[in-house]
Amino acid sequence: MATPAPIARRVRGLSDRAIAWAFIAPAITLLLAINIFPLLWAIYLSFTNYRANRPNAVVEGVGLRNYQRVLTDPDIWQAMQTTAHFVFWTIVLQTVIGFALAYLIDRKFRGHAFWTTIILIPMMLSPAVVGNFWRFLYEPQIGLFAYAASMVTGIPTSEIRMLGDVSLAPWAIIIVDTWMWTPYVMLICLAGLRSIPDYIYEAAEVDRASSWRQFWSITVPMALPFIMLAVLFRGIENFKMFDMVTLLTGGGPGSVTEVASITLKRAAFESWATGRASAFAIILFVAVFGLANIYVKALNKVKQR
Amino acid sequence: MSSANTAHSVVAPSDTSKRVAGTIVIVYALITLIPLVWIFLTSIKSPPDSISYPPKIVFTPTLEGYCNLFTTRTRQTPDYIAALPEPTSTCDEVTRKRNMVIAGPSNFLPRFVNSLVIAFGSTFLAVFLGTLAAYGFSRFKVPLADDLLFFILSTRMMPPIAVAIPIYLMYRELGLSDTALGMILLYTAVNVSLAVWLLKGFIDEIPREYEEAAMIDGYTRLQAFRKVVLPQATTGIAATAIFCLIFAWNEYAFAALLTSGQAQTAPPFIPTIIGEGGQDWPAVAAGTTIFLVPILVFTILLRKQLLRGITFGAVRK
């Protein structure tokens, strides 16, 4: 491909370098203004005793005290554990069900494209608006979920208090999250399964490998980078989980479903401990960022195999 | 990554396995649809029907939920209602049956309009800025391009509440609290990262030779961008726009923390709809239905691009 004379181009219009910057600068400027500047501000605030509800009070630097307080606060460790519990179970359930569904859809039965689209619907909806409606489905006396659960288990509906029972409430949230996001994992796994070329299976067939063997030594390893990608995206999202928990339980009963985002919201917008909340926010961000980076390295290793 | 559309030979699934797979998938799909069907059914139930036990599947449909969604009502004595002139609308009629009269419009419509303005405004801006930046990254040697792109993506990893703290303070200083403009700017910033990543993928797929040929024919770089690249990228731009729109439409955390009155969008409003004696579930269901229908339509339009959108273009199929 011969390149056209660059001099002629430069004479006729802006130079490529100027265009490149003119095109990229607006987006970067916006991100600097609305993402980076606030982040830097939050970092600054995290070293102060600032309280947003007392804008005129004297702001003092407190050094690392906010970080120290956050990291030694048992409530925050409790919230981190609750978050980890949610992230773990939602990912396990969504990956197992999502992969199984993708595997079945990949059998290409009649109408599979249509049913795939149907299955995808929940993940496009607003977690807040739909999560709010699940509160109704979970109502012990009148809710459809409690009714169905009581039909299956024989336990009276008044005792199936999905949102009010300490041992059930975390599962109430895990169920809605799984209902909503399994299609997401399914869609990515499906792409993974479809990326496996047929000739590999054909070769395995020639070698008389059993289908069980083919599944574990071809299907799973070759779809693994895709599964890992889905887990990465779900992990980051669920680490930030806020909407659904706020609307379903608000962190309750007690604090059994109080995930990190809820604790953070309470510290920032209810206790107005802006400095301490900022320190917590920075710690969360560094944690997600760090974990995601380590994970991406592992993912790249798997891809290269 | 190519989809394996080649004919299966020895590896084609047998008819039985297809049938079993199909049955399981269809059963799963139908079960996951139940909550959505229930939202719609509840929206056309009367309040007593909606909370009856056992849950009613057969009932007389009514528009009461939709009427209650759009209006505020006050209780009146039967004598007062009997003395009123003939009802002029269906809503008048169903309201009077409950010994109430319509007092005025509710806040739902303005909240819904806010959602529309904020979602479309931020989508337009994000796609506009995103297209320019994506073209820049796709076609030119930008120093530190990979770092910049990763930086753009990393802004999505922050928990929304963490972002909301300084934004709250900043908007308070700038007078942007509880304004549509503030929300549009915020959603644009969140969406621009998605837009850049998706659109860069789409533009990468348009052969450079097209523009180069156009420039040999005398087009400037900008003309080539406008007349050659943009038309080629239409599908990608449309898909990106829908993803941005859906994000802004569905967003709850920022909206709940940063808006309270005039700029409040529908997601934080819908859960607050209450009637006499607690949550008015048919009205909530009606609001939810109206809110979800556009997304359903978009999901069906987008189904071929979904995978790309949800993985930031990492999986292109």
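This is a predicted model: local features need pLDDT of at least 70, side-chain atom pairs count only at pLDDT 80 or more; totals for chains, interfaces and linings use all residues.
A crossing of two helices is called left-handed if the near helix is turned anticlockwise from the far one by less than a right angle, and right-handed if it is turned clockwise.

For chain B the average pLDDT is 87, and 96% of the residues score at least 70. Within chain B, confidence is highest in helix H6, residues 108-139, at 94. Strand E3 of chain B, residues 274-275, is where confidence is lowest, at a mean of 77. One stretch to treat separately is residues 1-9 of chain B, where pLDDT stays under 50. The model has 12 contacts beyond four places in sequence for that stretch.

Next, the layout of chain B. Domain 1 covers 47-106, and domain 2 covers 109-268 + 291-310. Taken over C-alpha atoms, the centres of these two domains of chain B are 42 Å apart.

Now the interface. On the chain B side, 93 residues are in contact with 82 residues of chain A. Helix H1 of chain B, residues 15-43, gives the largest share of that side, 16 residues. By class, the side of chain B that touches chain A has 69 nonpolar, 17 polar and seven charged residues.

One helix pair between the chains is worth a look. H2(A) passes H9(B) in a left-handed crossing. From H2(A), the contact uses A:Ala27, A:Leu30, A:Leu31, A:Ile34 and A:Asn35. From H9(B) come B:Leu185, B:Leu186, B:Thr188, B:Ala189, B:Val192 and B:Val196. That contact has nine nonpolar, two polar and no charged residues.

The other pair lies within chain B. The axes of helix H10, residues 208-216, and helix H11, residues 221-232, both of chain B, come within 9 Å and cross at roughly 140 degrees. Why is this pair called oblique? Angles over 145 degrees count as roughly antiparallel and 65 to 115 as roughly perpendicular, so H10(B) and H11(B), at roughly 140 degrees, are oblique to each other. H10(B) passes H11(B) in a right-handed crossing. On H10(B) the contact residues are B:Tyr210, B:Glu211, B:Ala214 and B:Met215. H11(B) supplies B:Arg221, B:Ala224, B:Val228, B:Val229 and B:Gln232. This contact has six nonpolar, one polar and two charged residues.

Terms used
Residues are numbered from 1 along each chain as its sequence is written. Chains are lettered from A and ligands numbered from 1 in the order in which they are written. Axes are lines fitted to C-alpha atoms, for helices over the stretch in contact, and angles run from 0 to 180 degrees between N-to-C directions. Helices (H or I, at least four residues) and strands (E, at least two) are DSSP runs, numbered from the N terminus. Angles under 35 degrees count as roughly parallel, over 145 as roughly antiparallel, 65 to 115 as roughly perpendicular and the rest as oblique. Two residues are in contact if their C-beta atoms, placed from the backbone, lie within 7 Å. Ala, Val, Leu, Ile, Met, Phe, Trp, Tyr, Cys and Pro count as nonpolar, Asp, Glu, Lys and Arg as charged, and the others, Gly among them, as polar. Domain bounds come from an automatic or database domain assignment. pLDDT is the predictor's confidence in each residue, from 0 to 100.
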